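Hi there,

Here is the structure I promised to pass on.

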Amino acid sequence: MMQFISPTLGAVSLETMVSQLRAYAEQEPDAAYKLVIGTDSHTTKSRTTLVTAVIIHRVGSGARFFYRKLNSRPLHDLRTRIYRETELSLQLVEQLNRENGISDLTSEWPLEIHIDIGSKGDTKVLIQEICGWVTSVGYEARIKPLSFGASSVADRFAE
């Protein structure tokens, strides 16, 4: 069973997370919302910790978020790590659409995939191919400095 962590509720199931996202949106039904999914990772000698964050952003007035952690063998290669992060974000979106019927929410609100890459530093060579991959499967790609889902929220729990 896939577990997510909420800073307020602790460990919750995928189903509970989805019902919490809906409940948050129902508190202010006339507000504008955006759904954000982003993954970041932290690699040590012995493993890579990958953290995927799911954020519902009430535009202009706050957000709620959930995250899950996975450990894998160490991914030292930057390209491999960025691909794995992006893959985990996209897999989660597909699972949410397929199994949990959030396609009504994603059709109502923008869904952004936040990627921890940017035009400064070593990841700039990956922007075109990673963003192309995300947009080719139908989602909006956001990179730094706009990718707070990966570079701030997920990053905070990836240590």
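Let me start with the largest pocket, which holds about 160 Å³ of space. Please keep in mind that this is a predicted model. The residues lining the largest pocket are Ser6, Pro7, Thr8, Leu9, Gln20, Ala23, Tyr24, Gln27, Arg64, Phe65 and Phe66. Sorted by class, that lining comes to 6 nonpolar, 4 polar and 1 charged residues. Helix 1 (14-27) and strand 5 each contribute at least two residues to it, and helix 1 gives the most, with 4 residues.

Strand 1 (residues 3-6) pairs with strand 2 (residues 10-13) in the antiparallel sense, over 4 bridges. The two form a hairpin, with 3 residues between them. If you want a pair to look at, isoleucine 5 stands opposite alanine 11 in strand 2.

Then there is helix 5 (residues 148-157), where Gly149, Ala150, Val153, Ala154 and Phe157 are buried. Viewed down the axis of helix 5, these buried residues fall within an arc of 120°, so they line one face of the helix. What covers the buried residues of helix 5 includes strand 3 (33-43), strand 4 (48-58), strand 5 (63-72) and strand 6 (111-115).

Happy browsing, and best wishes

Key. Residues numbered from 1 in each chain as written. Predicted model: local features only at pLDDT ≥ 70, side-chain atom pairs only at ≥ 80, totals over all residues. Heavy atoms only, no water. Buried < 20%, exposed > 50% of the residue type's maximum accessible area, 1.4 Å probe, protein only. Arc of directions from axis to C-beta. Contact = heavy atoms within 4.5 Å. Pairing = 2+ DSSP bridges. 1 Å grid on protein atoms, 1.4 Å probe; cavity = no way out; pocket = protein on both sides within 12 Å on 5 of 7 lines; lining within 4 Å. Points joined across faces, edges and corners; volume = space filled by probe spheres on them. Nonpolar A, V, L, I, M, F, W, Y, C, P; charged D, E, K, R; others polar.
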